[in-house]
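Reader: I would like to go through this structure and ask what lies behind the words used for it.

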Amino acid sequence: MVSVLFVCLGNICRSPMAEAVLRHKLRQQGLEEKVHVDSAGTGDWHVGAPPHHGTRAILARQGISYEGIKARQINNEDLTRFEYIVVMEDKNMASIEQLAGYTDKRFCRLTDFIGDPNYTKVPDPYFTGHFEETYRLVEAGCEGLIRTIRARGKI
Ligand code: 4NP
């Protein structure tokens with residue numbers, strides 16, 4: 001089974017949005033059982049919290065469920081057991097490389113899957129409130145990620 005872990009800083013804005021969007025798209029394509037999807041934060045401030053209201057509002061408007069999603073902090077085991085570890089920005093990449101003590105081709109950026117070099121990060125909406133921009137990038141990234149997994153013949 002393919003497995004995907006989305007990683008951001010707090011695990012309340014961007015990575016839970018990506019988790020919900022990817023799961024939704026997989027369900028629409030009848031692929032829900034083929035891909036395990038999860039998310040985690042590099043920080044521990046919001047552990048146990050549901051997604052941020054900005055993330056919840058966008059998902060609700062799109063008719064995408066976020067049921068059961070609760071913030072947790074990434075751990076060392078996550079770094080070995082997921083096939084795709086998909087971060088939102090370089091800061092997250094530096095944190096997971098430090099936690100792992102190595103770098104790995106399984107570690108990637110969500111924007112890598114958009115296929116446009118103008119996009120190199122999913123900016124943090126926590127302080128800006130720019131959740132629409134987050135959603136657009138997350139949506140395009142998840143589309144591209146499914147395309148990539150398909151192209152590799154995994155689903
Ligand atoms: P996220 O956003 O990494 O997309 O979940 C943030 C959430 C919380 C904080 C920073 C970013 N914070 O500083 O508490």
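**Terms and values**

Author: Start with helix H2: its buried residues are covered by elements that include helix H1 (14-28) and helix H6 (131-151). The model is predicted: local features need pLDDT of at least 70, side-chain atom pairs count only at pLDDT 80 or more, and totals for chains, interfaces and linings use all residues. Residues are numbered from 1 along each chain as its sequence is written, and side-chain values use heavy atoms, with hydrogens and water left out.

Reader: Why does Asn-11 count as buried?

Author: Buried means under 20% relative accessible area, and exposed over 50% (1.4 Å probe, protein chains only). Asn-11 has 3% relative accessibility, so Asn-11 counts as buried. Asn-11 lies in the loop between strand E1 (2-8) and H1, and has a positive phi of about 60° although it is not a glycine.

Reader: Which residues of H2 are buried, and what puts them on the same side?

Author: In H2 (residues 53-62), the buried ones are Gly-54, Thr-55, Ile-58 and Leu-59. Their arc around the axis is only 125°, so they are on the same side of H2. The arc is taken from the directions from the helix axis to the C-beta atoms. The exposed residues His-53 and Arg-61 are on the face turned away from the buried side.

Reader: What makes H1 oblique to H6?

Author: The axes of H1 and H6 cross at roughly 45° and come within 9 Å. Angles under 35 degrees count as roughly parallel, over 145 as roughly antiparallel, 65 to 115 as roughly perpendicular and the rest as oblique. That makes H1 oblique to H6.

Technical notes. Helix = DSSP H or I, 4+ residues; strand = E, 2+ residues; numbered from the N terminus. Contact = heavy atoms within 4.5 Å. Axes fitted to C-alpha atoms, helices over the stretch in contact; angles between N-to-C directions.
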